[in-house]
Every structure is written in C-alpha cells, then in structure tokens.
Amino acid sequence: MSKLVVHAKIMIDGVSDTPKKDQLISIEDGKIVSIEEYHETNEEVIHANVITPGFFNCHVHIMEPVGFGTDKKFSLMEKAFYTQKHCEDYLHSGVTFIRVLGTANDYDMQIRDCIDSGLIQGPHMLCAGRCICMTGGHGWQDGIEADGKDECRKAARTLLKEGVDIIKIMATGGVMTKGVEPGSAQLTQEEMAVIIEEAHKAGRKTATHAQGLQGIKNALYAGIDSIEHGCFLDDECLERMKEQNTFLVPTLCAPQCIIDKGVENGVAQYMVDKTLKVKDAHVESVKKAYEKGIPIALGTDAGTPFNYHNNTAYEMELLARLNIPNMDILKMATINSARCVGVEKDYGSIEVGKQADLVCLNENPLENISNVRKINRVIQSGKIVVDNN
Ligand SMILES: [Zn+2]
C-alpha cells in the first residue's frame with residue numbers, strides 16, 4: 001500500500017466557497033482517505049502553502065505542436081515525440097486531467113493507453129478520436145465526413161466501436177479551416193441529434209465545436225452536452241443552456257494567442273482576419289453566460305497556433321480579465337470541468353474517496369489568479385509527478 005500525507009496551510013477544495021486552513025490530507029493507494037484538522041503525526045508529512053485540486057483542460061489537441069504558424073508540417077514520428085513533451089507540459093502546469101477533442105485516427109486513445117500502462121507520464125485523458133463533420137466541413141482533414149442521418153449514426157457507432165470516451169461534432173465552421181466561415185452552420189440539428197442519441201445510449205457525452213449562432217442553436221436543440229467556443233450566444237441560447245445544463249467551454253486562449261502573435265510570427269492572414277471578426281462577440285458571450293449562471297468549464301484549445309499546452313493558467317487569467325472572481329475560476333478549472341466531462345464522482349475536488357490529484361502552490365491564487373503558475377508540487381493519483389523543490 002502506498003501512502004502520502006499532505007499538510008495544506010490553505011486548502012481550496014474545489015467545492016467550498018471559502019478556503020480551509022491547516023488541513024491534513026491522507027492518501028492511500030491514490031485516493032484521499034481522510035481530511036482532518038492539522039495535528040502531529042508519526043507519518044512523514046509534505047507541507048504546502050496552498051493546495052487546490054488538480055486542474056482540468058477540457059479542450060486540447062494533444063498531438064499538435066505549437067509555436068508555429070500554419071504552414072509547418074510534422075511527421076507522425078515528430079508528433080509522437082511532441083506529444084510526450086505536451087503530456088509533461090500539462091503535468092508541470094498543474095493539469096492532471098485533459099479531454100482530447102480531436103486527433104487523426106485513434107492516436108489519442110493509443111496515447112491514453114501508453115500513459116495508463118506507465119510507458120509515458122501524462123495526465124488522465126478522455127478521448128474523442130476523430131471528430132464528426134459534414135463533407136468538407138470544419139476539421140474534415142482528420143475527421144469522419146458524414147452527411148444525412150444514416151451516415152451520422154454510422155459515424156457515431158464507428159467511433160464508439162473504436163473506444164472513444166466522448167464524441168465531438170462540428171456544428172459550425174471555424175477559424176482554422178481555410179475558406180470556411182466561422183459563423184456558418186454545418187451539421188444539421190437532425191444529423192447531430194442521431195449522433196447524440198447514439199453517444200448517450202452508450203453512456204458517453206458529446207461536445208460540439210460551435211461558433212456561429214445558428215449552429216449553436218442546432219446543437220442545443222439536438223441535445224448537446226457542451227458548447228466549445230460559443231462565440232455568438234444570444235438570450236435564447238443562454239436560456240436553453242441553463243434549462244438543459246449545457247456546459248460552455250470558452251477557450252478564450254485560442255483567439256487570444258492568434259491575435260497576440262499575428263501574421264508577423266507566421267499565423268496565416270486568413271486566420272487572423274477571421275479571429276478579429278469574432279473576438280469581441282466571443283468575450284461578450286462568455287460574460288453573459290457567466291452572469292446567467294451557465295456552467296462553465298475550462299479548456300484552452302491547445303494545439304492551435306501559439307496556444308501552448310501549458311496555457312491553462314493563461315485561460316484562467318483571461319477569465320479573470322472578465323471580472324470573474326478567482327474562486328469561481330478555480331471551480332471552473334476543477335469541479336465544473338469534472339462535471340462537464342462526467343468524472344465528478346472521482347475527480348475535480350479534494351474530498352474523501354476521490355482520486356488524490358492535487359496541486360501544491362507557493363502562493364494563493366485567490367489573491368492573484370496568476371499564482372496558479374507558482375507550482376511547488378503536483379500530485380497525481382497520490383504520486384508526486386512534479387517536484388520543484
Ligand atoms: Zn479544438
């Protein structure tokens with residue numbers, strides 16, 4: 001039996017509205033077995049200034065190297081090595097759980113299996129495999145193209161057969177595919193409804209890339225579980241999201257990184273132009289969603305241009321710029337995200353019985369959200385996977 005005892009001077013548990021002082025967290029075989037007021041003990045104790053649950057990133061493209069514009073091509077071998085580095089980037093930025101929303105073939109599932117078998121170190125992963133899009137639609141290069149209800153049902157069943165944890169569908173165009181309008185609706189409500197029906201029958205959640213208003217509505221009325229990006233949300237969308245408890249994963253990082261770097265660093269002109277068109281509306285949508293109490297989960301869309309795999313802290317900073325309180329941002333990055341991806345029974349908070357995924361910070365992120373960057377240790381399933389001492 002492996003044991004670990006951690007003393008938190010300040011514990012932000014992911015579910016409480018206020019932090020707790022001087023807590024002693026006991027971990028056995030990867031799980032939290034007790035949380036008590038701090039007291040003397042014979043066990044060896046690790047001390048930490050501030051402890052939060054491990055962070056989530058609910059929207060990543062794990063195999064995509066970043067820090068390049070759009071023209072550079074990578075071989076599969078290069079991508080494999082990059083992937084190993086990305087896995088380390090997540091852990092080193094306190095992210096112990098990711099949801100991969102789109103790779104070619106079933107590569108993400110193979111990576112997940114490499115992590116689970118101990119071959120490489122990386123965060124817990126849920127995988128979507130290939131996304132489902134309409135013929136020629138957003139993401140078609142690595143996706144399954146499907147048109148009409150029968151093809152969509154078949155595509156969903158094919159992915160479930162391959163072992164995906166979640167199904168990702170494309171409700172609208174996007175910034176990344178040349179010649180495709182980000183606002184245009186793509187898969188229809190009827191097409192998405194059969195995909196969602198198949199996913200739900202198999203106990204899987206669904207997520208959709210959705211930027212434009214009509215596509216978002218189509219996805220919402222089809223019964224989608226999470227809206228990714230959600231650049232143009234109107235009152236009807238927000239009402240519907242609230243009613244059916246649909247999550248929003250804003251991925252503010254993705255457009256921000258494209259704008260931060262611009263054409264002078266190699267981002268394609270068409271991408272910068274499209275991004276500038278949607279950015280203000282995007283920020284407004286996220287604000288309105290927060291004010292309305294729509295559940296928001298944290299995702300960055302890492303793997304898009306200059307959107308690094310250790311950008312989860314940046315996403316939190318961008319949310320803070322919208323005047324969202326730091327405690328709420330931390331909940332978005334932990335328990336909300338766990339709920340969004342359906343693993344809240346085992347992950348997302350510091351509670352007895354849950355997996356011991358913990359981030360030890362040197363300074364308090366409630367005072368300044370950027371303190372999530374000041375990582376002392378990261379513990380995943382009771383094992384210290386990052387130690388900056
Ligand atoms: Zn994405």
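Colleague: Which residue in β12 is the bridge partner of Ala 207?

Modeller: That's Ser 226. Bear in mind that we're looking at a predicted model.

Colleague: Okay. How do β11 and β12 pair, and over how many bridges?

Modeller: They pair in the parallel sense, with 4 bridges between β11 and strand β12 (residues 226–229).

Colleague: And what does the chain go through to cross from β11 to β12?

Modeller: Helix α5, residues 213–222, carries the chain across. That makes a β-α-β crossover, and it is right-handed.

Colleague: What about β10, how does that run with β11?

Modeller: Parallel again: strand β10 (residues 166–170) is joined to β11 by 5 bridges. As one spot to look at, Met 170 stands opposite His 209 in β11.

Colleague: How many residues of β11 are buried?

Modeller: 6 of its 6 residues, with the strand covering 205–210.

Colleague: Which residues sit on each side of β11?

Modeller: Lys 205, Ala 207 and His 209 are on one side, while Thr 206, Thr 208 and Ala 210 are on the other. Both faces are covered, and those residues are all buried. In a regular strand, side chains alternate between the two faces of the sheet.

Colleague: How many bridges join β5 to β6?

Modeller: 4, joining β5 to strand β6, residues 95–100. Within that pair, Asn 57 has Ile 98 of β6 as its bridge partner.

Colleague: Let's zoom out. Which domains is the chain divided into?

Modeller: Domain 1 is 3–53 + 348–387, and domain 2 is 55–341. Their centres, taken over C-alpha atoms, are 29 Å apart.

Colleague: How many residues does each domain put into the contact?

Modeller: 21 residues come from domain 1 and 20 residues from domain 2.

Colleague: On the domain 1 side, which strands supply at least two residues each?

Modeller: β4 (45–53), β15 (375–380) and β16 (383–387). The largest share, 3 residues, comes from β15.

Colleague: And what's that side like by class?

Modeller: Where domain 1 touches domain 2, there are 12 nonpolar, 6 polar and 3 charged residues on the domain 1 side.

How values were computed:
Residues are numbered from 1 along each chain as its sequence is written. This is a predicted model: local features need pLDDT of at least 70, side-chain atom pairs count only at pLDDT 80 or more; totals for chains, interfaces and linings use all residues. Domain bounds come from an automatic or database domain assignment. Two residues are in contact if their C-beta atoms, placed from the backbone, lie within 7 Å. Ala, Val, Leu, Ile, Met, Phe, Trp, Tyr, Cys and Pro count as nonpolar, Asp, Glu, Lys and Arg as charged, and the others, Gly among them, as polar. A residue is buried if 20 or more other C-beta atoms lie within 10 Å of its own, exposed if 12 or fewer, and partly exposed in between; C-beta atoms are placed from the backbone. Two strands pair if DSSP finds at least two bridges between them. A crossover is right-handed if, with the strands pointing away from the viewer, the path from the first strand over the helix to the second runs clockwise.
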